[in-house]
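Could you walk me through this structure? I'd like a plain tour that goes one spot at a time.

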Amino acid sequence: GLGIWALEAGYGLIGVLWVFILTAGLSTVLNMVFTSYAIRLHKQKTTELAQTRYILKESIPFLVLSISTRLYAKSDILILTLLRGDKITGIYSAAYIFLDLLFAISHSITAVAYPMVTDMYVGSKGESEKSTADLIMAYERLHKYMVLGLIPISAILMSMGIEILMLVFGRQYTGGTSLLQVLVWTAPVNISANISGTFISAIYKQRLNAILATAGMIVNIIWTIIFIALYGAMGAAIATLGSAVVNTIVHYYFVTRTIGSPSLINTWLKPIICGVIMVGAIYPLMDSFWLLRGVIGISAYIIAIIIVRPFDAEDKRLVASVLTRKS
């Protein structure tokens, strides 16, 4: 409702973006309040109310994280609107909407992983090194699965950008094809930072994660202003991808400082090699029929997985345990 009002009042896309950021912050505050109220309904003792206050206090980093994440995700559109106007921002937003879809998928999975990682960490405190190794293994496998899952989607979107934009938005938005081809690679890079942030927060380092998110947001805004001033909409796309790379590296560094050192071969090297093989097969066919590109790309990715072998015996055991409902 506020978004429609902002459009009708003449504020354009920038008004809608500020409404988005405002409602994101409001949603987080309301969650904090309702959580406190739900606990108070069942716990009225002074010591238990102290626990409620503790929960609210510890919710503050998540409030900062929520707002910083929203600003980080939308700063390029916001700044592009201010510096270049609504028309170019509309084309950019058409390309960005597919990135939003990929972000939604990755955020939903990392949100599910959060309580499970916390449970693993609580169970491992004070125990043997094997428990810590299990935490690292969980990080490696979640990271590997998510990156391997997003790479082919990004590759297909990159190769079929013009067809997808024409189908969804119309011919007038196909000018955003080159933007889409850059932006889609932000998803497999950014999911790494999301997974790292999830693990950092899940082991009671919420403040550290909030600080990293805020720092990443500031860097992203600075880069975006500079690159948009130099290169326009393509500068915004490059800045978004570049800041995601920096954000991922920083988060990975702090993962190694908090939970241990995951294997770079399992988490990044093997998925990247598979992605390079897939893109290498698609790129020479960019002017061919879209269905041929899709078939060749997926086939190349399957062959790459067979050759590179990112999945080991433990992965097969995990899949078998899921299918047979065994823990």
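Let's start with S201, which touches F62, Y114, Q206 and N209, leaving aside residues up to four places away in sequence. Keep in mind that this is a predicted model. S201 sits in helix 8, which covers residues 186-202. With a relative accessible area of 3%, S201 is buried, because anything under 20% counts that way. Its side chain also makes a polar contact with the side chain of N209, at 2.8 Å.

The lining is made up of Y72, A73, Y96, F103, N220, T240 and S243. Helix 3 (46-84), helix 4 (86-124) and helix 10 (233-258) each supply at least two of the lining residues. Sort the lining by type and you get four nonpolar, three polar and no charged residues.

Now for the charged pairs. Side chains of opposite charge can pair when their charged atoms come close. The whole structure has five salt bridges. One of them joins D315 and R141 (2.8 Å, N to O). D315 is in helix 13 (residues 313-323) and R141 in helix 5 (residues 129-159), so this pair ties together parts that are 174 residues apart in sequence. D315 also meets K144 in a salt bridge (2.9 Å, N to O). K144 lies in helix 5, so here the parts tied together are 171 residues apart in sequence. Salt bridges with shared partners join R141, K144, D312 and D315 into one network.

Key. Residues numbered from 1 in each chain as written. Predicted model: local features only at pLDDT ≥ 70, side-chain atom pairs only at ≥ 80, totals over all residues. Heavy atoms only, no water. Helix = DSSP H or I, 4+ residues; strand = E, 2+ residues; numbered from the N terminus. Buried < 20%, exposed > 50% of the residue type's maximum accessible area, 1.4 Å probe, protein only. Polar contact = N/O pair within 3.5 Å; in protein donor to acceptor, adjacent residues only side chain to side chain. Contact = heavy atoms within 4.5 Å. 1 Å grid on protein atoms, 1.4 Å probe; cavity = no way out; pocket = protein on both sides within 12 Å on 5 of 7 lines; lining within 4 Å. Nonpolar A, V, L, I, M, F, W, Y, C, P; charged D, E, K, R; others polar. Salt bridge = Lys/Arg side-chain N within 4 Å of Asp/Glu carboxyl O.
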